[in-house]
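These entries record what I looked up in the structure, in the order in which I took up each topic.

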Amino acid sequence: MNKDIKHFGISLIITAILLIATDFIIGCVADKVVDEMPNYSGQIAKDNYRLHRLETDIVILGSSRGSHHYVTSLLSDSIDNYMGKEYSIYNAAIDGKFANSNSCAAEMIISRYRPKLVIIDIPESQLASNDVTDIKFSSPFYRKDSIVRKYIDNISFEEKILMKSSLYRYNGKILRIASSFFRQKNVDDGYLPLYGTTIDITKYDESTKEYNTETQILNPYSETNFRNVLRKYTAENIPLIIACSPSFRPNNNNNQLRELCNEFNVPFIELYDLPYFNEHPELFKDAKHLNNDGAHIYTKIFFEHLKPYLDNMR
């Protein structure tokens, strides 16, 4: 009996050692592969690029609304013509990466260099969402980046413990990382066009639309992270603009988001509920995303609202 227990104990120790060694080796190899990823091929590669390599004059951050609504080349030409000089610009928005992922990216960027302008596209609903797991998309960088580590550790003590495991950090990401070496570069500086429309106009009656006037309860974790970004950019005098691009006939508001921006004297360009877009469903891929035609029109409108703040870059 004692002999069997002893053998079992030895087997358990050996198994634990093998698991720890495997976890360590996988982590070292995966970390090395991530360091060598191309700049733009796939979401993890794009996240790696914006966190560690991006050094353009102007940066656009956001979720899918950012990646599909801001035509980088058009905005770049408009700014260059208005300013009389060339500025480099990159659309670093990533589909499905919301308030916390972009707050983290905003902090990481100014920890490396001083951009001339950062634009974050965000609706208030992202600050109210209880799903904060989008920041875990950056878990491959947990070990080497203190800012990423801070964001993830602040989710919960459980996450802080689980992130010690490389198998956990890279769970579901290995194939995506590998595939990034075989994808084509996004040639338009981060902008991802959508085509066509799926909107059924019969489901939207503008004449009977009722606005939800209730105040949304902001998620404390997301609000704290966003406040920290506003505070840091203000303290370091780095131009920051918060924007909210169009949805099709939305029935909610961005009042608290506006108040947060006002508190830190950060410009808020709200183009969320525009009559023109509300009357043109053909400009939307779906209710929350403009298609390529809509994005070109929106980028021109956004630029007109951006002009008053560009003089700070001169």
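Entry 1. I began with the cut-off for burial: a residue counts as buried under 20% relative accessible area, and as exposed over 50%. The model I am reading is predicted. I looked up Asp31, which lies in helix H1, residues 2-35. Asp31 has a relative accessibility of 17%, so it counts as buried. I then listed its contacts, leaving aside neighbours within four places in sequence: Asp31 touches Pro140, Arg143, Arg169 and Tyr170.

**Entry 2. The whole chain.** I noted 14 helices and seven strands in the protein. The C-alpha trace spans about 80 × 45 × 40 Å along its principal axes. Of the 314 residues, 50% count as buried. I also looked up contacts between residues at least 6 apart in sequence, and 83% of these join residues at least 24 apart.

**Entry 3. Helices H2 and H5.** Two packed helices are described by the angle between their axes and the distance between the axes. For helix H2 (residues 43-52) and H5, I recorded an angle of about 40 degrees and axes 7 Å apart. H2 is therefore oblique to H5. On the H2 side, the contact is made by Arg50, Leu51 and His52. On the H5 side, I listed Ser101, Asn102, Ala105, Met108, Ile109 and Arg112. By class, this contact has four nonpolar, three polar and two charged residues.

**Entry 4. Helix H7.** Which residues of helix H7 (residues 146-153) are buried? I found Ile147, Val148, Tyr151, Ile152 and Asp153. An α-helix has 3.6 residues a turn, so residues three or four places apart point the same way. The cover over the buried residues of H7 includes H2, H5, helix H8 (157-162) and H11.

**Entry 5. The cavity.** I looked for cavities of 30 Å³ or more, and the count came to one. The largest cavity holds about 30 Å³ of space. Its lining consists of Phe98, Ala99, Asn102, Ser103, Ile120, Asp121, Ile122 and Gln126. Helix H5 (99-112) and strand S3 (117-121) are the elements that give two or more residues to this lining. H5 gives the most, with three residues. By class, I recorded four nonpolar, three polar and one charged residues in the lining of the cavity. Asn102 is listed in this lining, and Asn102 is also one of the H5 residues in the contact with H2.

**Entry 6. The largest pocket.** I recorded a volume of about 270 Å³ for the largest pocket. It is lined by 16 residues, and those closest to its centre are Arg65, Ser125, Ser247, Tyr272 and Lys288. Helix H3 (64-69) and helix H6 (124-128) are the elements that give two or more residues to the lining. By class, the lining of this pocket has six nonpolar, eight polar and two charged residues.

**Entry 7. The second largest pocket.** I then turned to the second largest pocket, with about 220 Å³ of space. Of its 13 lining residues, Ile238, Pro239, Leu240, Asn265 and Pro267 are the closest to the centre. Helix H11 (220-235) and strand S4 (240-244) each supply at least two residues of the lining. How many charged residues does this lining have? I found none; the lining has nine nonpolar and four polar residues.

**Entry 8. Two asparagines with positive phi.** Asn265, noted above among the residues closest to the centre of the second largest pocket, is found in the loop between helix H12 (255-263) and strand S5 (268-270). Its phi is near 60 degrees, a positive value in a residue other than glycine. Asn265 is exposed, at a relative accessible area of 69%. I placed Asn237 in the loop between H11 and S4. Asn237 also is not a glycine, and its phi is positive at about 55 degrees. With 60% relative accessibility, Asn237 counts as exposed.

**Entry 9. Arg114.** Not counting residues up to four places away in sequence, Arg114 touches Glu236, Asn237 and Ile238. Arg114 and Ile238 are 124 residues apart in sequence, yet their C-alpha atoms are 7.2 Å apart in space.

Definitions and conventions:
Residues are numbered from 1 along each chain as its sequence is written. This is a predicted model: local features need pLDDT of at least 70, side-chain atom pairs count only at pLDDT 80 or more; totals for chains, interfaces and linings use all residues. Side-chain values use heavy atoms; hydrogens and water are left out. On a 1 Å grid over the protein atoms alone, a cavity is a set of points where a 1.4 Å probe fits but cannot get out, and a pocket is an open set with protein on both sides within 12 Å along at least five of seven lines; lining residues have an atom within 4 Å of a point. Grid points are joined across faces, edges and corners, and a volume is the space filled by probe spheres set on the points. Helices (H or I, at least four residues) and strands (E, at least two) are DSSP runs, numbered from the N terminus. Ala, Val, Leu, Ile, Met, Phe, Trp, Tyr, Cys and Pro count as nonpolar, Asp, Glu, Lys and Arg as charged, and the others, Gly among them, as polar. Axes are lines fitted to C-alpha atoms, for helices over the stretch in contact, and angles run from 0 to 180 degrees between N-to-C directions. Angles under 35 degrees count as roughly parallel, over 145 as roughly antiparallel, 65 to 115 as roughly perpendicular and the rest as oblique. Contact means heavy atoms within 4.5 Å. Buried means under 20% relative accessible area, exposed over 50%, partly exposed in between (1.4 Å probe, protein chains only).
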